[in-house]
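Reader: I have a model open and want to go through its geometry with you. Can we take it piece by piece?

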Amino acid sequence: MSIAQPVPVSPRRRSFAGGIHPPSSKRLARDQPIEVVPTPKQVRIPLLQHVGALCEATVKSRDEVVAGDLVGRSDDPVSACVHASISGRVAKESAATLPNGRRVPTVPIKAGDEQLEGQTLLDDTFGGEWPTLRLDLPRPDLILQGVREAGLVGMGGAAFPTHIKLALNPDRPIDTLVVNGCECEPYLTADYRLMLEAPRPIVTGALLAASAVGARRIIIGIEDDKRQAAEALSKAAEGTDIEIRVVRTKYPQGSERQLVPVLVGSNVPANGLPLDVGVVVVNVATAAAIARAVLRGKPMTHRIVTVTGRGVVQPKNLLAPIGISYGELIEIAGGLTPDAARVLAGGPMMGFTLGDLDTPVTKGTSGITVLTREDLQQFEETSCVRCGLCVDACPLNLVPTRIALAARKGAWNLAERYYIKACMECGCCAYQCPAQIPLVQLIRMGKAHLAAA
Amino acid sequence: MVEAPNKAPATPKKEAPIEPGLQVAPGPHLSSAGLTTQRLMVDVLIALVPVMSMALFLFRWFAVLQVGICVVSCLTVEAITSLWRGTRPSLQDTSAIVTGVILGLSLPWSAPWHVGVVASAVAIGFGKAVFGGLGQNIFNPAMVGRGFVMISFASSLGATAYVRSGATLEILTQATPLTAAKELSGNVPGLWALFVGNANGSLGETSVLACLVGGLYLCLRRSAVWQTPVSMITSAAVVAGIANLLMPESPLTVLQHLTSGALVFSAFFIATDPVTSPLTERGQVIFGAGLGALVVIIRLFSNYPEGVVFAVLLMNAVVPMINRVTIPKPLGGLPARA
């Protein structure tokens, strides 16, 4: 047993090739403690909040539910069930368009009188005892079952069902569990606040997840602009074998393909998963949710959402019930400023603009960023002069300009020859492009076309 | 007086009109501040300041006149061709100025005014506009113009055109270093003179020092890649070295090869033209290596004392092929066939 200390990763592998340094703007919300959102009058629980199959409602209109009750599930193995985030009466099923453009059915719940609120809710979520040293590890299949029943998905953004990640695969032994505390997306501070204010459930969750996948090693990776978070986690992990590593701040350090090589030393194959090199990666918020699910049987009903940007009056980090609308959270943050221009689900690099502020928050909503007209520098698009800045910036070693322009011309073969499918749409290329070519949009269009073909 | 009920409430105090509503747009929603194509071009002009200063010092008003003629002609032709093609004149990207300056600096001080005008017209018209304007051309526009006049006005641009006996500026009475070497007259200036630029030649090529200073600026600002010039100069040195070993009577030493003619000037300011050079690091190294080798080979085996123009045009032609064979593998290795 060693005492965990934040250790800088060896200088040789402190970072990855490519990437960019956008202004982080995390200062806006980083010092705002987690605040509990008052119970809204109504929530709408989307029946699809993850990558995978749509859930079917298990409740019908006029049913009474208590916060934490199952409201939707699917028999499909790739799916995650959904739960009521507040107590009340179920209303008639309605549809909502999620920020990614998918229109999904939702289960609306009208709030009843009895609610878990305020400090009580915060204590219930993160407080109490989180064993790290004398943790009686449940059997892997029980951990998995707990995770599955709680409807856990990756909370870093992709929202992949967690129980699939943690399922043991005899052909692919797992050596290392990486807990991702990078939060490289500019503006967002939800993970930072969680690491600072509730490091213990993260540590407990990491131990549980490692035990489920059979990992011998646990590494928590944190960018070096969040040293306080690294210290808080080190303290919480004292006495365990968890390694806490500080990596260089660079976008997109929090992407699995960038983080795994830096922490573990092996590249993830372009068409593969970290699993292929014996690694499972979970986000810090997911780790905390695993602890809550397995030890306390609590489903994923709430998450921390950063509401930030110069377009909101008072940026905040909010503990919000799933299904509350984006608009309500913005109101709690003081509302929009007069020059607010774009409301984003997520951060400015990979976030989607919102067309409707009534859209419900899902398990994958890490933040709401409101940019002002001033933030959005808009220039006219000019011709590509093949300066190669996008090639330098691409963290996946692709040639974005070629792929994007091939897609624009409909030269699908050419786009594939330049590995269009390997692109993860991180946005580094478009951020750098001096000609303001919408590279990511073009590549996304090309991928959609090829997927449909 | 009764106020109309539908009248909008008091207008906001801010002067800027507030556009209503929120935008819906694809990400990413931030872009790197101030990084535009224009900045890349202006950087090239800034990097050319030492070279232009040296040209001004050596050739006085000949330099001003020649560069001025080319810049004005290039801008005019750019404006005419873009009007003709029905696009807005794209003068603000300053790429036409860059072409004009580089073209002017590649001409001899003595070239008559019409040479500069014709070279500019061919550079912008046939080098760029016929391909579809900025970013679409295969060949370096300045080199297309330079190559055209080099052949069309052989007497105004040949070796003898550089020399005028009895000129008040002393260097103008000497043959260019490469011509001196070619004719085995043995009158090649010393290495230091070549490095600083105290020698006859085309306006911008004489001072290796000035080119290095400007080139360093370009590479540090990442307005040009460093791989191409480094590879080009290295390759020229290697080929010149081999030539010296095989032909001991060879008129130029390796260092003389590197410091005379337009090698260093073209390595930093012509070979690095992003439009006509490869996109990937590996491609840039191959491109530079080909350029360096061709320059020395043309110097040694052709009738021309210098080989930069043809080397650049030849290598420009193979850039699409270089791009094709140097497609980088994605991080973590190839995706398996689906």
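Author: Helix α5 (residues 190-197) of chain A is mostly covered, with 7 of its 8 residues buried. Helices (H or I, at least four residues) and strands (E, at least two) are DSSP runs, numbered from the N terminus. A residue is buried if 20 or more other C-beta atoms lie within 10 Å of its own, exposed if 12 or fewer, and partly exposed in between, with C-beta atoms placed from the backbone.

Reader: Which residues in α5(A) are buried?

Author: They are A:A190, A:D191, A:Y192, A:R193, A:L194, A:M195 and A:L196.

Reader: Before going on, what are the ground rules for the numbering and the model?

Author: This is a predicted model, in which local features need pLDDT of at least 70 and side-chain atom pairs count only at pLDDT 80 or more, while totals for chains, interfaces and linings use all residues. Residues are numbered from 1 along each chain as its sequence is written, and chains are lettered from A and ligands numbered from 1 in the order in which they are written.

Reader: Fine. What is in the loop between β11 and α5 of chain A?

Author: A:E183 is found in that loop, β11 being residues 176-181. A:E183 is not a glycine, yet its phi is positive, about 40°. Most residues other than glycine have a negative phi, and most peptide bonds are trans.

Reader: Is A:E183 buried or exposed?

Author: A:E183 counts as buried because it has 33 C-beta neighbours inside 10 Å.

Reader: Where else is there a positive phi in a residue other than glycine?

Author: A:Q436 has one, with phi near 60°. A:Q436 is in the loop between α14 and α15 of chain A. With 17 other C-beta atoms within 10 Å, A:Q436 is partly exposed.

Reader: Which peptide bonds are cis?

Author: One joins A:Y251 and A:P252, with omega about -5°. A:P252 is in the loop between β13 (243-247) and α8 (256-264) of chain A. Another runs from B:G27 to B:P28, with omega near -5°. B:P28 lies in the segment before α1 (37-47) of chain B.

Reader: Now the strands. What does β19 of chain A pair with?

Author: Strand β15 (residues 302-308) of chain A pairs with β19(A) in the parallel sense over 3 bridges. β17(A) is joined to β19(A) by 5 bridges and runs antiparallel. Two strands pair if DSSP finds at least two bridges between them.

Reader: Which residues stand opposite each other there?

Author: A:V307 has A:I368 as its bridge partner in β19(A), and A:L344 stands opposite A:T369 in β19(A).

Reader: How many residues of β19(A) are buried?

Author: 5 of the 6 residues of β19 (residues 367-372) are buried, so the strand is largely enclosed by the rest of the structure.

Reader: What about the sheet with β6 in it?

Author: That is an open sheet of 3 strands in chain A, in the order β4-β6-β7, with antiparallel pairing. β4 (56-57) and β7 (82-83) of chain A are at the edges with a single partner strand each, so one side of each has no neighbour in the sheet. β6 (residues 70-73) of chain A pairs with β7(A) over 2 bridges, and A:L70 stands opposite A:H83 in β7(A).

Reader: How many residues of chain A are in contact with chain B?

Author: 53 residues of chain A are in contact with 39 residues of chain B. The largest share of the chain A side, 5 residues, comes from β17(A). The residues on that side divide into 32 nonpolar, 14 polar and 7 charged. Ala, Val, Leu, Ile, Met, Phe, Trp, Tyr, Cys and Pro count as nonpolar, Asp, Glu, Lys and Arg as charged, and the others, Gly among them, as polar.

Reader: Last one: what does the secondary structure of chain A come to?

Author: It comes to 15 helices and 19 strands. Buried residues make up 58% of the 453 residues in chain A, and the C-alpha trace spans about 60 × 50 × 45 Å along its principal axes.

Key. Two residues are in contact if their C-beta atoms, placed from the backbone, lie within 7 Å.
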